[in-house]
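These notebook entries record what I looked up in the structure, one topic at a time.

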Amino acid sequence: MNAVEVHNISMKYQSLNGEIAALTNIGFSVQDGEFVSIVGPSGCGKSTLLSIISGLLSPSSGTVWLSGEKVTGTSKKIGYMLQKDHLFNWRTIWQNVMLGLEIRKAVTQEAKERARILLKTYGLYEFKNRYPDQLSGGMRQRAALIRTLVTDPQILLLDEAFSALDYQTRLAVNDDIYSIIKKENRTAILVTHDISESISMADRIIVLSKRPGMVKNIHEIKLSCSNRTPLTCREAPEFRHYFQEIWKELDVHV
Amino acid sequence: MFEDEEENIPAISQALNISLERQEYLRKERLGKISVRMTQILLLVLGLVLWEIMADAKIIDPFITSQPSRIVKTIVQLYKEGVLFYHIGITCLETIVGFTLGTLLGTFLAVILWWSKFISKVAEPYLVILNSLPKIALGPVFLVWIGAGPASIIVMTLAISLIVTILEVLNGFWGIDQEKIKLVQTFGGNKFQVLTKVVLPASFPTIINALKINVGLSWVGVIVGEFLVSKAGLGYLIIYGGQVFKLDLVMTSVIILGVAAAIMYQGVVYLERLLVKNNDLNY
Ligand SMILES: Nc1ncnc2c1ncn2[C@@H]1O[C@H](COP(=O)(O)OP(=O)(O)OP(=O)(O)O)[C@@H](O)[C@H]1O
Ligand SMILES: [Mg+2]
């Protein structure tokens, strides 16, 4: 069974000034444990699509299934990471990490232990009683990642989740997230502007057309590098080829 | 993986000796501060002495302007009659109740308006009109409706502070980053959780700010209320003193009022510092 199935999704935003068609007839599926990336021009409806998959937004037409269950609202299966970390600066790192569990009323000893382990793995344990403004951008993003992971999501939706980071940190966080997702056999959908980032991480790349977004092409990414990590596979000979193809499809005029 | 940030740099530099240049800088800063404070005190003393001398020399009429020694005498007399702290206490209590109630009630009403778009749309023109109305004009109405007592005075302060608080806090609520709200919703948070986990804590500095404004407004409301009710408090002493031409009593009350208001304001500033430490809205 597919982890995510998107069927014929269309979305129109209504406002007094008129109607904005954001998505038309989007359809694709994501297998269990697969890493899919979505790229597309600015404003083509990528965030809208993730919001629909997460159940935050109901589409004008079409349906989404998560492991065979129809989406009608937010689901515990999903962990959604937004572009900025949005750590609350009135909460300590620990309290921030516990936010999702608090909201789901799932603060158990077991969950706390999981949070502790994650904080240790990510070198944030000593900072757990600090406030977010005492942390660097990379540390903050890691804290946001832990806040998502601690709720134990099967499917991760990442909406430009790394774009606020500087390049170095971004590559490191990419490697980290990738290894966690693969190790724990989670499913991930990554929205990004960065073609290299999407090739380096994804098993498949879905290219959307400009607004209203439609599926323009789907690329199966096969890179010949042993022991694939986002960083090492950037050296793969096929990398450039994918890059140029997707670049053309995105039709970016400078 | 990640290298962990250096975190003990300030500690190291503190342990080192401070340079001569810095010592000189700090000395100058301190000197500057002291001379400002000295000048302030000097001006105050000079003013009081001049006031005293001119009244003694009958250059100004102490019957109309009063004078420092008479004010001290009046304070002592009020104290001996046992009413000094009674009047101060009543006015301060009314003020504190006024701004606390104004802030809490205003925040509560702002929550309701935030919760329901419909209610806030309906309420909008009323709020605009009430906001531009000089609320003091309603004083006599409250007096008739509620009776001449502390309740009228509190209602007067509420009339002055409530609308401003609602508008200020509601604006704060609406200014909160939508993505922060979305974050709570991604975890399945409902509207009540959005309120308690994001909207209220993020608006805390706004609410404290409203409280600060309300302290000032509350003093105005209480004094006007006491003028009208005319039973007790510093406002009553002022209006009574004016009616029987005891300007000593009027001046004394005004000065006590000034001191009390300043102390209360400092108290609120201190409270703010205590509460808003990790809570600025920059992020
Ligand atoms: N709440 C909304 N109401 C009306 N229009 C909206 C709303 N949200 C998004 N839109 C419009 O829908 C279109 C798609 O928006 P969306 O944010 O999904 O695009 P995106 O691909 O994520 O863009 P970006 O790459 O800039 O993040 C845009 O034209 C946007 O203006
Ligand atoms: Mg977007």
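Entry 1. I began with the lining of the largest cavity, which by class consists of 5 nonpolar residues, 3 polar residues and no charged ones. The model is predicted, and I read the entries below with that in mind. I then listed the lining by name: B:Gly139, B:Phe142, B:Leu143, B:Ser152, B:Ile153, B:Met156, B:Gly225 and B:Leu228. Next I looked up which helices contribute. At least two lining residues come from each of α7 (139-146), α8 (150-174) and α10 (191-229) of chain B. The space in this largest cavity is about 40 Å³. I searched the whole structure with a threshold of 30 Å³ or more, and the search returned 1 cavity.

**Entry 2. Confidence overall.** I noted the scores for the model as a whole, an ipTM of 0.89 and a pTM of 0.84. Among the elements of chain A, the lowest mean pLDDT (85) belongs to helix α6 (residues 167-183), and the highest (95) to helix α2 (residues 93-97).

**Entry 3. Confidence along chain B.** Chain B has an average pLDDT of 87, and 92% of its residues score at least 70. Where pLDDT is low, the predicted coordinates should not be read in detail.

**Entry 4. Record annotations on chain B.** I consulted UniProt, where an unreviewed entry places the feature "transmembrane region" at residues 34-54, 84-114, 126-147, 153-174, 217-237 and 249-271 of chain B. I checked two of these spans against the model. Residues 34-54 of chain B are 100% helix and 0% strand, with end C-alpha atoms 30 Å apart. Residues 153-174 of chain B are likewise 100% helix and 0% strand, and their end C-alpha atoms lie 32 Å apart. The unreviewed entry in UniProt also places "domain: ABC transmembrane type-1" at residues 84-276 of chain B. In the model that span is 87% helix and 0% strand, and its end C-alpha atoms lie 35 Å apart.

Entry 5. Is B:Glu272 buried or exposed? I found B:Glu272 to be buried, because its relative accessible area is 19% and the cut-off for buried is under 20%. This residue lies in helix α12 (residues 247-275) of chain B. Not counting residues up to four places away in sequence, B:Glu272 touches B:Ile208 and B:Lys212.

I then turned to A:Glu5, in strand β1 (residues 4-15) of chain A. A:Glu5 counts as partly exposed because its relative accessibility is 25%. Which residues does A:Glu5 contact, leaving aside its neighbours within four places in sequence? I listed A:Phe28, A:Ser29, A:Thr63, A:Val64 and A:Trp65. Finally, I looked up A:Glu5 and A:Glu160: these residues are 155 residues apart in sequence and 21 Å apart in space, C-alpha to C-alpha.

How values were computed. Residues numbered from 1 in each chain as written. Chains lettered and ligands numbered in written order. Predicted model: local features only at pLDDT ≥ 70, side-chain atom pairs only at ≥ 80, totals over all residues. Heavy atoms only, no water. pLDDT = per-residue confidence, 0-100. 1 Å grid on protein atoms, 1.4 Å probe; cavity = no way out; pocket = protein on both sides within 12 Å on 5 of 7 lines; lining within 4 Å. Points joined across faces, edges and corners; volume = space filled by probe spheres on them. Helix = DSSP H or I, 4+ residues; strand = E, 2+ residues; numbered from the N terminus. Nonpolar A, V, L, I, M, F, W, Y, C, P; charged D, E, K, R; others polar. UniProt positions renumbered as here; feature names shortened; annotations may be inferred. Buried < 20%, exposed > 50% of the residue type's maximum accessible area, 1.4 Å probe, protein only. Contact = heavy atoms within 4.5 Å.
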